[in-house]
Amino acid sequence: MENILFLAHTESDGSLSKAALEALGAAVELCSGQKNATLTVGLIGEQIDAALTAAGGCGAARCLAVCGEDFGVSRYASDAAAAEALLGACKASLVLAPASSRFCRALPGLAQRVSGRIDTQVSALDSSSGELRVQRWFYRQRMVATLSQSQRPWILLLSSGAFSPWQGGSPALKAEQISVELPDTCKRTKVEGFQAPPADAQTIRPDAKILFVAGAGWTKKQAAPENDAKKAETLIRGFISSAKASLGSSKSLVDLSAQGQEVLSFMSHLNQVGQTGSTPRHPKGLSTCCHGEEPHVVGWRFISERRAINLDAGCGWAHGKADVLYVADAFEVMEKLNELLAKG
Ligand SMILES: Cc1cc2nc3c(=O)[nH]c(=O)nc-3n(C[C@H](O)[C@H](O)[C@H](O)COP(=O)(O)OP(=O)(O)OC[C@H]3O[C@@H](n4cnc5c(N)ncnc54)[C@H](O)[C@@H]3O)c2cc1C
């Protein structure tokens, strides 16, 4: 019988992030699939009211919270102390939490303090055989491992985008406050503020329905002389903003930008998709002017529907890597597509 603790830190407005709601959805499902399992919700944050409403109806036997100004910011010492107090109060055997940067930093320390074990970036849970098994990917999402663990407590940090979010219900939860006295030595780290790019410069959008990938072809000499890098930039920016797409890139294109060539000003290595880049999760993907070589396409593992536009009918996408390949000039296609999107 597992005693499950869903653990989350709230956002600055007291709400739960999408990743936290996904972890709660996974905890509820795991609990309902196990005989005699119990669920406790544990919250850490300056405010928690919106989280109590969002987690409503989840069937938790208890809701415990460590609240207050000291727990509003991401700081290893205060987060680890709060998580330890919550775990101690409910004696959970399993902890399910979102793999946020805040928890990826603090919860390995929790595992050490309670002589438990931790697995991060978990992408699937299965208890159908009676024993809990979890999955996670290794080596840039090329190999998947199925793991089980006899040591308890077992802390699982769940990858975002891999579980269905808890949709909410009623009644809202009521929290029991757990008090944690922080010595000054646990408050030495001060968070002075956040630095984020302006909203229109933010091109990586993990929650977008579509991933738009630009390849080095956008910068190559084109048959029509007016189709240059400046025009490519306008077309790509136009599509990204009207389709609210996330922007990915091939390695060749971001390497060009890094070599000081004025190519696409808004592109950086953070946009790179592939073996040495990222492996984003989106329902759809559109690749443009990108050849579709294996080290790039391996980053498309979690894109459900794949389409590509390439002048070359023999490009990598044509070899079973895309659902649809448009053999066409991406400058022309994107110009037309942007026109249609502008008309609504
Ligand atoms: C160890 C290793 C790791 C790597 N990791 C990665 C990685 O993480 N991510 C990654 O992307 N790559 C990675 N690579 C590099 C990868 O193998 C390719 O070199 C790279 O993906 C090629 O980028 P590209 O397709 O944009 O450019 P190119 O190969 O230059 O292809 C450009 C494409 O644009 C098309 N094109 C040109 N003009 C137009 C037009 N007007 N309309 C339509 N199509 C047009 C051309 O037909 C061509 O297919 C890695 C390589 C190695 C060896």
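Reader: How many helices and strands are in the chain?
Author: Residues are numbered from 1 along each chain as its sequence is written. As this is a predicted model, local features need pLDDT of at least 70 and side-chain atom pairs count only at pLDDT 80 or more, while totals for chains, interfaces and linings use all residues. Helices (H or I, at least four residues) and strands (E, at least two) are DSSP runs, numbered from the N terminus. Counted like that, the chain has eight helices and 14 strands.

Reader: What share of the residues in the chain is buried?
Author: A residue is buried if 20 or more other C-beta atoms lie within 10 Å of its own, exposed if 12 or fewer, and partly exposed in between, with C-beta atoms placed from the backbone. The chain has 344 residues, and the buried share is 40%.

Reader: Which domains does the domain assignment give, and what distance separates their centres?
Author: The bounds come from an automatic or database domain assignment. They are domain 1 (3–186) and domain 2 (199–343). Taken over C-alpha atoms, the centres of domain 1 and domain 2 are separated by 36 Å.

Reader: How many residues of each domain are in contact with the other, and how do those of domain 1 divide?
Author: Two residues are in contact if their C-beta atoms, placed from the backbone, lie within 7 Å. By that rule, six residues of domain 1 are in contact with seven residues of domain 2. For the classes, Ala, Val, Leu, Ile, Met, Phe, Trp, Tyr, Cys and Pro count as nonpolar, Asp, Glu, Lys and Arg as charged, and the others, Gly among them, as polar. The side of domain 1 that touches domain 2 divides into no nonpolar, three polar and three charged residues.

Reader: Which helix gives the most to the shell around the ligand?
Author: The ligand is surrounded by 30 residues, and the closest are Gly215, Gly217, Ser250, Lys251 and Gly274. The shell holds 11 nonpolar, 14 polar and five charged residues. At least two residues each come from helix H6 (251–258), helix H7 (294–297), strand S13 (303–310) and helix H8 (330–343). With three residues, the one that gives the most is H6.

Reader: Which residue of S11 is the bridge partner of Val213?
Author: Strand S10 (residues 210–214) runs parallel to S11, and four bridges join them. Among the paired residues, Val213 has as its partner Gly248.

Reader: Which residues of S8 are buried on each side?
Author: Strand S8 (residues 154–158) has five of its five residues buried. S8 is joined in parallel to strand S4 (residues 94–98) by five bridges and to strand S5 (residues 117–126) by four. One side has Trp154, Leu156 and Leu158, and the other has Ile155 and Leu157.

Reader: Is Gln47 buried or partly exposed, and which residues is it in contact with beyond its sequence neighbours?
Author: Gln47 lies in the loop between strand S2 (38–45) and helix H2 (49–54). With 19 other C-beta atoms within 10 Å, Gln47 is partly exposed. Leaving aside neighbours within four places in sequence, the contacts of Gln47 are Thr10 and Gly14.

How values were computed. Near = placed C-beta within 6 Å. Pairing = 2+ DSSP bridges.
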